[in-house]
Amino acid sequence: MDIRSRLYPYPVLSDSTDDYNGSSFGFEFDIRKGPCELIFSVKMMLNDTVLQKKILNNEAQFLIHIECPYTAYREALCFAEDCFERHILEKDLNGKVSVCGFIVAKKDIRNYSNPAFNSDYNGLKFDIDKGGILAVGGQYNMIVTKETEDLAKIPSIFTI
């Protein structure tokens with residue numbers, strides 16, 4: 001999943017928009033190789049008190065989306081902590097892997113407003129549906145290459 005510039009019917013915290021003033025959201029990403037797996041470590045960096053309260057009050061959550069088009073692996077991982085670790089079997093990933101970070105509404109949020117909104121939104125309140133994107137933290141792309149010995153162990157789809 002490649003993040004593209006999108007227009008939302010409400011303000012979204014993102015580096016590609018000016019919907020918020022003085023707030024930021026992003027994530028740091030690290031990958032380590034285990035015995036038969038890849039270990040993804042993610043650290044979320046949120047600088048917005050209203051969104052932090054929404055996460056603490058169980059109204060919103062962090063979401064990491066991991067996708068590998070070559071193997072058709074796709075997973076959305078939701079969590080409330082700033083740091084997160086996920087073990088993925090090495091056989092599930094090969095080639096380009098995209099990791100995207102978001103903050104999404106965990107339930108319907110009515111009359112959402114934030115003092116950090118751009119002045120264009122002064123006095124406005126928004127209804128955000130469950131699953132609605134509140135912040136976009138960017139995307140990391142990487143290439144996972146298989147050892148040729150691993151590929152040789154794959155059985156053929158043909159039998160004679």
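1. Welcome to this fold: the protein chain has two helices and nine strands. Here helices (H or I, at least four residues) and strands (E, at least two) are DSSP runs, numbered from the N terminus. Along the sequence, the elements follow the pattern β-β-α-β-β-β-β-β-β-β-α.

2. A word on what you are looking at. This is a predicted model, in which local features need pLDDT of at least 70 and side-chain atom pairs count only at pLDDT 80 or more, while totals for chains, interfaces and linings use all residues. Residues are numbered from 1 along each chain as its sequence is written, and side-chain values use heavy atoms, with hydrogens and water left out.

3. Of the 160 residues in the protein chain, 44% count as buried. Buried means under 20% relative accessible area, exposed over 50%, and partly exposed in between (1.4 Å probe, protein chains only). Contact means heavy atoms within 4.5 Å. Among contacts between residues at least 6 apart in sequence, 66% join residues at least 24 apart.

4. An α-helix has 3.6 residues a turn, so residues three or four places apart point the same way.

5. Do look at D48, in the loop between β2 and α1. D48 counts as buried because its relative accessibility is 4%. At the start of α1, a side-chain oxygen of D48 comes to within 3.2 Å of the backbone nitrogen of V50. The D48 side chain also makes a polar contact with the side chain of S23 (2.6 Å). A polar contact is a pair of N or O atoms within 3.5 Å; within protein, one must be able to donate a hydrogen and the other to accept it, and residues adjacent in sequence count only if both atoms are side-chain atoms. D48 and A116 lie 68 residues apart in sequence, yet 7.9 Å apart in space, C-alpha to C-alpha.

6. Just after α1, N58 has a positive phi of about 65°. E59 lies in the loop between α1 and β3. Is E59 buried or exposed? With 18% relative accessibility, E59 counts as buried. Not counting residues up to four places away in sequence, E59 touches K54, A105, K106, K107 and I109.

7. Three strands form an open, antiparallel sheet in the order β1-β2-β5. Its edge strands, β1 (24-33) and β5 (83-89), each pair on one side only. Two strands pair if DSSP finds at least two bridges between them; β2 and β5 are joined by seven bridges. V42 stands opposite F84 in β5.

8. Finally, the largest nonpolar core has 46 residues, of which F40, I66, L93, I103, Y112 and L134 touch the most other members. Strand β6 gives the most to this core, with seven residues. A nonpolar core is a set of buried Ala, Val, Leu, Ile, Met, Phe, Trp, Tyr and Cys residues joined through side-chain atoms within 4.5 Å. Leaving aside neighbours within four places in sequence, the contacts of F40 include F29, I66, F84, L93 and M142.
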